[in-house]
Amino acid sequence: MPEENIKTVYLDNNATTAVDPEVFEAMKPFLCDLYGNASSIHTFGGQIAAHIEKARGHVAELLGAVPSEIMFTSCGTESDNAAIFSAVQICPKRRKVVVSKVEHPAVLNVGKELERKGYRVVEVPVDSCGRIDLESLQELVDDNTALVSVMWANNEIGNIYPVEKIAEIAHKNGALFHTDAVQSVGKVPINLAKSKIDMLSLSGHKLHAPKGVGALYVRRGVRFRPFIIGGHQERGRRGGTENTASIIALGKACELARKYMDFENSEVKKMRDRLEAGVIASISSIRLNGDIENRLPNTTSIAFEYIEGESILMLLDRFGICASSGSACTTGSLEPSHVLRAMGVPYTAAHGSIRFSLSRFTTDAEIDFVLEKLPPVIERLREISPFWNSSKA
Ligand code: PLP
């Protein structure tokens, strides 16, 4: 637990973000005052529909889409599930799905489920920087492929993938293309008007809206089969009474994301770069994970060799610093994450990998604080690390 009176320095924005106060103000009236059901005949409820459509417009505008292409969902995971299950249902003769090895579990585990149903799911490998080789991908996509799904940006290392080129490869083979853009919406400019992408997932809580709301873009003309079957909401594409307050929040968050896009790619990036440069200057035996030239402006994944990421996180936590590690705690043993494994990051580096993810609310003073506290933490852990000491012997 952090010591008392220590302020939180939150550098875990790829896990979730703070709700922007302006977003909170926008959603508030829809919890207690404007609580009607958009489907009601009376004015009190019926007026809600117009607010939902306004929010849909803001989401569409951020993506360069038209409002009718946006469907609200409960989260990024639901959007990914809906896109993938729809694609395989509308192309029943095609029995193959191609994804990358570094997708979020919201895609990879849907792939596992499809395998149980008899589909062939192929995971495209990545190189040591986490990049996808388009020629290898091209060889794997064929006329039996219903869908190619590759994320726009990776949540752990921040790599940005060539989604337009991948969409082209999918289309050449008559397959649909879906991208999980949960980490890129709000961080990098997106213009779907000029795109070949068929479906795109996003999640509110990664861009300063609350948890529990997301959206799926389905390009006009692409057939869609509902994942949640029920009422006529969302033009019959997703049953369930609309989560009005959160939808309004997502709309506001998208409106603000457009306003802050330049800031995200200049000021937030500068802070991320300063953090990295400071770490490189003050700590030895580190490596940067991922494609340094082509990644999200807010993310850095740093491997501190020969020590455990969890120990680093625990010591940083004492200073109120929040980050995350590249390990997943499964069955009591700490396994490096599937992303670092797919990249072939050596064991001694993968175990000590920490992801710092910034936001527009991060301050220079917070970066200074991390740069002050981190080097002694690493030094302390290395002093007691048998791996570090034998590497120096
Ligand atoms: N896809 C990616 C790339 C993510 O980073 C996440 C969340 O971490 C998700 C999907 C799932 O989004 P949600 O938490 O809204 O279900």
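Me: Domain bounds here come from an automatic or database domain assignment. Which domains does the assignment of the chain give?
Reply: The structure is a predicted model in which local features need pLDDT of at least 70, side-chain atom pairs count only at pLDDT 80 or more, and totals for chains, interfaces and linings use all residues. Residues are numbered from 1 along each chain as its sequence is written, and side-chain values use heavy atoms, with hydrogens and water left out. The assignment gives domain 1 (9-18 + 260-388) and domain 2 (21-256).

Me: How many residues does each domain bring to the contact?
Reply: Contact means heavy atoms within 4.5 Å. The C-alpha centres of the two domains lie 28 Å apart. The contact takes 31 residues from domain 1 and 34 residues from domain 2.

Me: Which residues of domain 1 lose the most area to domain 2?
Reply: Buried area is the accessible area (1.4 Å probe) that two parts lose on being put together, summed over both. Domain 1 and domain 2 bury about 2700 Å² between them, with 54% of it on carbon and sulfur atoms. On the side of domain 1, 21% of what is buried comes together from the residues that lose the most, namely Met261, Leu296 and Met343.

Me: How many residue pairs are in polar contact between domain 1 and domain 2?
Reply: A polar contact is a pair of N or O atoms within 3.5 Å; within protein, one must be able to donate a hydrogen and the other to accept it, and residues adjacent in sequence count only if both atoms are side-chain atoms. With both residues at pLDDT 80 or more, the count between domain 1 and domain 2 is 19 residue pairs.
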